[in-house]
Amino acid sequence: NIKINELRSENAELLSLRAQIDHINAERSEFARLAQERKKVIIMLREDRKSIEKLKSTVQKLQKELTSLRGEKATLRLENTRLRRDLARAMNSPRSPTKSS
């Protein structure tokens with residue numbers, strides 16, 4: 001009878017240890033899953049960083065182009081104003097007589 005009680009006690013202890021081992025293994029699996037997820041996130045962040053750098057470069061190029069186009073626009077406006085002024089002068093000045101065909 002004592003032997004049975006000792007065996008029952010050992011069995012309970014073994015069951016408790018087994019439960020602890022199962023819990024540790026579950027935590028280990030969760031840790032491994034989280035480590036994999038972390039790697040994926042790091043890769044995604046690196047890709048995002050590269051994309052951001054490409055976008056910054058594109059934005060800088062477009063800003064330079066916009067500045068250039070604004071300069072061209074200003075130049076064209078000045079030229080347009082000059083041409084209109086010249087046209088107005090030409091229309092208001094007395095014309096030299098021309099032969100009609």
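This is a friendly chat about a predicted model of one protein.

Colleague: Hi! What kind of model is this, and how are the residues numbered?
Modeller: It is a predicted model, where local features need pLDDT of at least 70 and side-chain atom pairs count only at pLDDT 80 or more, while totals for chains, interfaces and linings use all residues. Residues are numbered from 1 along each chain as its sequence is written, and side-chain values use heavy atoms, with hydrogens and water left out.

Colleague: What share of the residues is buried?
Modeller: Of the 101 residues, 0% count as buried. Buried means under 20% relative accessible area, exposed means over 50%, and partly exposed is in between (1.4 Å probe, protein chains only).

Colleague: And how much accessible surface does the protein have?
Modeller: About 10200 Å², with 58% of that belonging to carbon and sulfur atoms. Accessible areas come from the Shrake-Rupley method with a 1.4 Å probe, and for residues only the protein chains shown count as cover.

Colleague: Let's pick a residue. Where is serine 51?
Modeller: Serine 51 sits in helix α1, which covers residues 2-92. This serine 51 counts as partly exposed, at 39% relative accessibility. From serine 51 to asparagine 92 there are 41 residues in sequence and 60 Å in space, C-alpha to C-alpha.

Colleague: New topic: charges. How many positive and negative side chains are there?
Modeller: There are 24 positive and 14 negative side chains, and the centres of the two sets lie 18 Å apart. Lys and Arg count as positive, Asp and Glu as negative, and His and the chain ends are not counted. Each charge is placed at NZ of Lys, CZ of Arg, CG of Asp or CD of Glu.

Colleague: How many salt bridges does the structure hold?
Modeller: It holds 6 salt bridges, each being a side-chain nitrogen of Lys or Arg within 4 Å of a carboxyl oxygen of Asp or Glu. Among them is the one between aspartate 22 and arginine 18, at 3.2 Å from N to O.

Colleague: How far apart are those two in helix α1?
Modeller: Aspartate 22 and arginine 18 are 4 residues apart, so about one helical turn separates them.

Colleague: Which residue does lysine 56 bridge to?
Modeller: Lysine 56 pairs with glutamate 53, with the closest N and O atoms 3.8 Å apart. These two are 3 residues apart in helix α1, about one turn. Also, arginine 82 and aspartate 86 meet in a salt bridge at 3.4 Å, N to O.

Colleague: Which residues are linked in a network of salt bridges?
Modeller: Glu30, Arg33 and Glu37 are linked that way.

Colleague: Last one! Which residues form a positive surface patch?
Modeller: Arg46, Arg49, Lys50 and Lys54 form it. Patch residues have over 30% relative accessible area and no salt bridge; like charges are joined within 9 Å, and nonpolar side chains (Val, Leu, Ile, Met, Phe, Trp, Tyr) within 5 Å. Lysine 54 lies in helix α1 and counts as exposed, at 63% relative accessibility.
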